[in-house]
Amino acid sequence: MPDPHYSPRCVILYADADVEITLEANPTSVEVAKFAGFRSAGVNRVSLGVQALNDADLKFLGRHHSAPEARAALDIARRHFERYSFDLIYARPGQSASAWSAELAEALDLAGDHLSVYQLTIEPETVFGAAHRRGELQVPGEDEAGALFELTQELLDAAGLPAYEISNHARPGGESRHNLTYWRYGDYVGVGPGAHGRLTIGGDKIATRQHRAPEAWLGAVEAAGHATRQRDSVAAEERLAELMMMGLRTVDGVPQSRIIAECGRPLEAALDAARLRRLIDGGFLVLDDAGLRATPAGRQRLNAVIADLLA
């Protein structure tokens, strides 16, 4: 006989004690006030979108929090979560090496076991892109940005937070587990509105995509029990490209065994030998028994390296 108290919309999930459940939040007082509730609900890691530690740059970046709010949010995060992280953006307009060095020093005083640092990029079809084309927005040039990248690596390495991915630094054991999953091209499920997923089923890699609009997503879930809008098989060449674009971002790179598992052939047969050799000889890639990985010089210009490798 069916349980009269059973509801098909009620799902209880049981997770291993060491599972990582991360909340991404903005450091505004409204969101921070909910931290205690999220911790009680099982969230055990928080990642805060700080982006800068001074008000002028936060205003430029279009953020809705102040630098004092960011510092307060990090203090509250430290009290509620054993593991927390935040991000900063560098190569901002007018940013000098000395100013970035001072900001990183303050960030290290506030950081736990993880810190993300992203270089500001100007996308063409954005407000920043339009301002840059008009000459109203000047950002550090390639050489200056490269020097800031190298300074970042040097300071964070010395502080015990080496890079394990181009933009992510952590103490040993503090790496973001869910991020490592997709950088290593593992399987992940996309659940919420607009979410993408990659699943290996019967040896085939399946790309999934959920309805983007929250209303359509919710309606589909209520009607069919899920909101998967698209489900496509990923061809071997696409799998190789995705594997390279994700895996070469990490310090460990892409193991030979992973290439064979995804593409059915060793790396030397899957990639153009001449292009690969040129990038190795140029000091941008290393190929050995462990697999293929980018050198520090290669990671600094990884978009160009990958474009050349996969052309």
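This report describes the nonpolar cores and the strand pairing of one structure.

The model is predicted, so local features need pLDDT of at least 70 and side-chain atom pairs count only at pLDDT 80 or more, while totals for chains, interfaces and linings use all residues. Residues are numbered from 1 along each chain as its sequence is written, and side-chain values use heavy atoms, with hydrogens and water left out.

A nonpolar core is a set of buried Ala, Val, Leu, Ile, Met, Phe, Trp, Tyr and Cys residues joined through side-chain atoms within 4.5 Å, where buried means under 20% relative accessible area (1.4 Å probe, protein chains only). The largest such core has 56 residues, of which Leu 48, Phe 86, Met 244 and Leu 285 touch the most other members. Helix α7 (residues 142-158) supplies the largest share of this core, 5 residues. A second, separate core has 6 residues, among them Leu 61 and Ile 89.

Helices (H or I, at least four residues) and strands (E, at least two) are DSSP runs, numbered from the N terminus, and two strands pair if DSSP finds at least two bridges between them.

| Strand pair | Sense | Bridges |
|---|---|---|
| β3 (residues 83-90) and β4 (residues 114-119) | parallel | 4 bridges |
| β4 and β6 (residues 168-170) | antiparallel | 3 bridges |
| β10 and β12 (residues 291-294) | antiparallel | 2 bridges |

Within these pairs, Ile 89 has Tyr 118 of β4 as its bridge partner, Leu 115 stands opposite His 169 in β6, and Val 254 is partnered by Leu 292 in β12. An open sheet of 3 strands has the order β10-β12-β11 with antiparallel pairing, and its edge strands, β10 (254-255) and β11 (285-288), each pair on one side only.

Notes
Buried means under 20% relative accessible area, exposed over 50%, partly exposed in between (1.4 Å probe, protein chains only).
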